[in-house]
Structures are given as C-alpha cells and as structure tokens.
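Colleague: I have a structure open and would like to talk it through with you. Could you take my questions one by one?

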Amino acid sequence: MASGFFAILDDIGALMDDIAVTSKLATKKTAGILGDDLAVNAEKATGFLSSREIPVLWAITKGSFINKLIIIPIIFLLKWLYEPAIIYILIIGGVYLAYEGVEKIIEFLFHRNKKGHEVVEESTLPEDDENSEKSKISSAIKTDFILSLEIVIIALGTVIEKQHPLLTQILSVSFVAIIATVGVYGIVALIVRMDDAGFFLMKKSGNKGFLSGLGQVLIKALPIIIKILGVVGTIALLLVSGEIFLHNIDYIHHLLPENILSKFGLGIVFGLGAVLLATIGKKIISAVKPAKK
C-alpha cells in the first residue's frame with residue numbers, strides 16, 4: 001500500500017519536472033511575442049483618468065484570462081480534429097492586428113484634430129465616458145485575443161516538438177498562458193501607476209531630498225513613456241502580424257527573407273488592404289441602410 005502511494009508521488013514529481021522543463025522552453029520561445037504583448041497592451045491600458053486606470057486594467061486582465069480559457073481548449077480540439085484550421089485562424093488574427101496598426105498610423109497622419117494626449121475626460125455626459133471606456137476595453141481584449149492565440153500556439157508547438165503526453169502539453173501551455181497574463185498586466189499596472197508612486201514619494205519626503213527628486217522623475221517620465229509605448233505598440237502590431245503572414249503563408253515564406261523589414265512591410269500591406277476593405281464595406285452598409293428620420 002505504502003509503495004503504491006510513493007509510486008504515485010514519484011509519478012507526480014516526474015510530471016511536474018516535465019511541466020517545469022517544457023514550460024521554461026515554451027516561455028523562452030514566446031519571449032518575443034510577450035514583449036510585443038506588453039508594448040501593445042500598455043499603450044491600450046493608458047489614457048484614462050487616474051481613478052479609472054486600475055479598474056480598466058483589471059477589466060482587460062479578466063478579459064485576457066477569459067480569452068485564454070476559450071483559446072486553449074479550442075486549440076487542442078482543433079489540433080485533434082483539423083490542425084490546419086489553427087493556421088487559418090492565426091492568419092485572420094494577423095489581418096486584424098495589421099488593420100489596427102495601419103488604422104493607428106492613418107489616424108495619426110490624417111485625423112489629428114484632437115489634443116496631444118488621448119484621455120477619457122470627465123464630462124457632463126457620464127454615459128459617453130462609459131461608452132468610450134467600454135469601447136477601449138473591448139478593443140484591448142480583442143487585440144489580446146490575437147496575441148494570446150499566438151502565444152498559445154507557439155507554446156503548443158514547443159511541447160509537441162518534445163513529444164510529451166497530452167496531459168503535460170495541456171498543463172505546460174496553461175502555465176505559460178497564466179504566466180503571460182500575470183507578467184504582462186503586472187508590468188502594465190506598474191507603468192500606469194508611476195505618477196501615483198511619484199506623488200507618494202514626494203509627499204513622504206516632504207518635497208525634499210533624493211526621494212522627492214525620484215518622485216518628480218517618475219511623474220515627468222510617465223507621459224513620455226506613454227508616448228513611446230504608443231509608437232512601440234503600433235510597430236509591434238505590424239511586426240507581429242507580418243511575422244504571422246511570413247511564417248504561415250507558404251508563398252510569402254518562400255518569397256521574402258525573414259527580417260524586420262519584411263515583417264513590417266507585410267503588416268503595412270495587409271493592414272492597408274484590410275482598412276480599404278473595411279472602408280468600402282462601411283460605405284456600402286451606410287448606402288444600403290435607410291436613413292434615420
């Protein structure tokens with residue numbers, strides 16, 4: 001009886017070792033996309049009133065967990081039923097990311113009729129603020145879905161290469177997905193609360209000495225970091241989408257070299273095509289729709 005119990009413990013220990021090793025390899029392979037994920041989501045989670053930053057970030061984080069709860073079983077099911085479907089879904093996701101990246105560039109170049117920083121301001125119409133906030137949260141969760149999809153697929157590819165049993169594959173991919181969400185949004189939370197930390201340090205030190213100076217640096221650095229993240233996040237969207245096209249469309253894979261210029265160019269080209277189709281679609285819908293009285 002005792003020997004059977006220790007045998008079970010031994011099996012559990014071996015399973016945990018396999019999960020730890022596999023998760024470490026998968027995390028290394030997803031490190032690049034995690035960096036892009038951080039840049040994109042940090043940019044999307046900023047630009048709100050200070051009192052709304054944490055609630056908004058928490059809403060996006062919950063959405064990210066739900067995304068992964070949806071993605072992981074679907075990916076394993078598709079792997080069993082029809083594996084090529086994973087590639088098609090990834091390409092569609094890439095088109096969405098490219099569309100978002102190019103749309104941001106077009107907005108910056110041709111529709112800059114707003115103030116320098118986009119902030120959800122308090123107004124006399126609180127329902128407008130609420131709708132704007134919900135819209136931004138929804139956009140962030142949709143983008144997270146595509147990035148999460150790529151993270152899960154890369155992690156799955158790693159565990160498949162090592163030919164681990166199904167249980168090890170599921171647990172390893174799930175672990176990487178959880179670490180990705182906690183790590184990315186934990187760092188984003190630190191970024192968006194930099195100014196509060198700065199004010200706290202200044203107050204604690206009575207506006208004197210090193211701590212006060214550090215607080216001022218944190219406060220002044222936040223808007224600069226947000227602007228940088230806006231640029232980096234847009235570039236990341238285009239690079240991630242371009243990488244998806246380069247790796248998963250055979251014709252493009254053999255036609256273009258694998259470098260940053262190829263990925264960025266593919267993101268721009270597919271993004272422009274998606275924006276053009278979306279614009280034509282909107283015009284057709286508005287033409288067909290009866291005008292409101």
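Predicted model: local features only at pLDDT ≥ 70, side-chain atom pairs only at ≥ 80, totals over all residues.

Colleague: What share of the residues is buried?

Modeller: The protein has 293 residues, and 37% of them count as buried. The accessible surface comes to about 17,400 Å², and carbon and sulfur atoms account for 70% of that surface.

Colleague: How much of the contact list comes from residues 24 or more positions apart?

Modeller: If you take the contacts with a separation of 6 or more, then 80% of them are between residues 24 or more positions apart.

Colleague: Now the inside. How many residues are in the largest nonpolar core?

Modeller: The largest nonpolar core has 24 residues, and those with the most contacts inside it are I72, I75, L97, L149, V152, I153 and V173. At least two residues of this core come from each of α3 (50–81), α4 (84–110), α5 (126–161), α6 (166–192) and α8 (209–248). The helix that gives the most to this core is α5, with eight residues.

Colleague: What is I75 in contact with, leaving aside its neighbours in sequence?

Modeller: Once the neighbours within four places in sequence are left aside, I75 is in contact with I86, L149, V152, I153 and L156. Apart from that core lies another one of 14 residues, which include I137, V184, I191 and L229.

Colleague: Changing topic: how many salt bridges does the structure hold?

Modeller: The structure holds two salt bridges. In one of them the side chains of K68 and D144 meet, with 4.0 Å from N to O. K68 belongs to helix α3 and D144 to helix α5, so this pair ties together parts that are 76 residues apart in sequence.

Colleague: Are K68 and D144 buried or exposed?

Modeller: Both K68 and D144 are buried.

Colleague: Which residues form the other bridge, then?

Modeller: There K263 forms a salt bridge with E243, and the closest N and O atoms are 3.8 Å apart. This pair links distant parts of the chain, since K263 is in helix α10 (residues 260–288) and E243 is in helix α8, 20 residues apart. K263 counts as buried because its relative accessibility is 15%, which is under the 20% cut-off, whereas E243 is partly exposed, with a relative accessible area of 24%.

Colleague: Why does the aromatic pair count as stacked?

Modeller: The structure holds one aromatic pair. The ring centres of F245 and F270 are 3.9 Å apart and the ring planes meet at 20°, so the pair is stacked. Here too the pair links distant parts of the chain, with F245 in helix α8 and F270 in helix α10, 25 residues apart.

Colleague: What else is F245 in contact with?

Modeller: Leaving aside the neighbours within four places in sequence, F245 is in contact with I91, G94, V95, A98, I252, L266 and F270. For L266 there is also a C-alpha value: the C-alpha atoms of F245 and L266 are separated by 7.3 Å, and the two are 21 residues apart along the chain.

How values were computed. Residues numbered from 1 in each chain as written. Heavy atoms only, no water. Core = buried A, V, L, I, M, F, W, Y, C linked by side-chain atoms within 4.5 Å. Buried < 20%, exposed > 50% of the residue type's maximum accessible area, 1.4 Å probe, protein only. Helix = DSSP H or I, 4+ residues; strand = E, 2+ residues; numbered from the N terminus. Contact = heavy atoms within 4.5 Å. Areas by Shrake-Rupley, 256 points an atom, 1.4 Å probe, with all protein chains shown as cover. Phe/Tyr/Trp six-rings, centres within 6.5 Å; stacked < 30°, edge-to-face > 60°.
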